[in-house]
Amino acid sequence: MTLAQQFAAYHEWRNQLAGGLSDFRRWLSDNELCDAQTDQRIDRLLEKLREDRLHVAFVAEFSRGKSELINAIFFAYYGNRMLPSTAGRTTMCPTELMYDMSKPACIELLPIETREADTSISELKRFPDVWKSIPLDTDSPDAMQEALRSVSEVRLVSKETAGRLGFLATEESGPNAAIITAGDQVEIPRWRHAVINYPHPLLQQGLVILDTPGLNAIGAEP
């Protein structure tokens, strides 16, 4: 049984369970056995099933082929790499690959400056105005590549600013490193987190992939 078949079976089981709960609520109502508290509990269970997702994190050292593997699984249809995976220009921030049918295909980017506030990424997901959104043209491989290239964007800041954002100035690349360029300027990732909303069949069924720049990328978060 392939991963796609296993996940399809899980998706079908989840739908059947949701259908059973809905039928049970109707039966309670038809037999005048339902009350507000029971109805609310069933609503919470149904909402939990609708929001249920399976998260899989790709974790390894810096530049070990995580993005390349994701390209092979989810973007092979395009016949080219969609996520940046070449040496020196790989994924620079933790990147979620998922699908939310209430949103158009897009990539949402969280500026690195948000690290200065003591606010978690999960909290910031409730404030869409904080994120930069770039539409994804899923019919155009070139447009897809151009949009997804944003996860490898960097910016120049002072060593002081880099340290305040959780990066260490060094001559070597890495998930928690600010690359020294010249004088007091260092290179850091432009984005703190990225969410790619992409209508792949596995993602439509509730799978979420987390691509990390390296082992310390999540640990560097406030």
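This is a predicted model: local features need pLDDT of at least 70, side-chain atom pairs count only at pLDDT 80 or more; totals for chains, interfaces and linings use all residues.
**Exercise 1. Is Arg25 buried, partly exposed or exposed?**

Residues are numbered from 1 along each chain as its sequence is written, and side-chain values use heavy atoms, with hydrogens and water left out.

*Solution.* 
Step 1. Recall the classes: buried means under 20% relative accessible area, exposed means over 50%, and partly exposed lies in between (1.4 Å probe, protein chains only).
Step 2. Arg25 has a relative accessible area of 22%.
Step 3. Arg25 is therefore partly exposed.

**Exercise 2. Describe the salt bridge between Asp43 and Arg25 and the network to which both belong**.

*Solution.* 
Step 1. State the criterion: a salt bridge is a side-chain nitrogen of Lys or Arg within 4 Å of a carboxyl oxygen of Asp or Glu.
Step 2. Apply the criterion: the side chains of Asp43 and Arg25 meet at 2.4 Å, N to O.
Step 3. Locate the partners: Asp43 is in helix H2 (residues 36-51) and Arg25 in helix H1 (residues 3-30), so the pair links distant parts of the chain, 18 residues apart. Helices (H or I, at least four residues) and strands (E, at least two) are DSSP runs, numbered from the N terminus.
Step 4. Widen the view: salt bridges link Arg25, Asp39 and Asp43 in a network. The count of salt bridges comes to 12.

**Exercise 3. Which residues have the most contacts inside the largest nonpolar core?**

*Solution.* 
Step 1. A nonpolar core is a set of buried Ala, Val, Leu, Ile, Met, Phe, Trp, Tyr and Cys residues joined through side-chain atoms within 4.5 Å.
Step 2. The largest such core has 28 residues, and those with the most contacts inside it are Phe74, Phe75, Leu97, Ile107 and Leu148.
Step 3. At least two residues of this core come from each of helix H3 (66-74), strand E3, helix H5 (141-148), strand E9 (191-197), helix H7 (201-204) and strand E10 (207-211).
Step 4. Consider Ile107: leaving aside neighbours within four places in sequence, its contacts (heavy atoms within 4.5 Å) include Ile134, Leu148, Val151 and Ile196.

**Exercise 4. Classify the aromatic pairs Phe75–Tyr78 and Tyr77–Tyr78**.

*Solution.* 
Step 1. A pair of aromatic rings is described by the distance of the centres and the angle of the planes.
Step 2. Rings of Phe, Tyr and Trp (its six-membered ring) pair if their centres lie within 6.5 Å; planes under 30 degrees apart count as stacked, over 60 as edge-to-face and the rest as tilted.
Step 3. A search of the whole structure finds five aromatic pairs. The rings of Phe75 and Tyr78 have centres 6.5 Å apart and planes at 40°, so this pair is tilted.
Step 4. Tyr77 and Tyr78 are 5.3 Å apart, centre to centre, with 80° between the planes, and form an edge-to-face pair.
Step 5. Phe75 is buried at 0% and Tyr78 is buried at 12%, whereas Tyr77 is exposed at 75%.
Step 6. Phe75, Tyr77, Tyr78 and Tyr198 form one aromatic cluster.

**Exercise 5. Where is Arg192 found, and which backbone oxygen does its side chain reach?**

*Solution.* 
Step 1. Arg192 is found in strand E9.
Step 2. Arg192 is buried, at 1% relative accessibility.
Step 3. The side chain of Arg192 reaches the backbone oxygen of Thr119 at 2.9 Å.

Conventions. A polar contact is a pair of N or O atoms within 3.5 Å; within protein, one must be able to donate a hydrogen and the other to accept it, and residues adjacent in sequence count only if both atoms are side-chain atoms.
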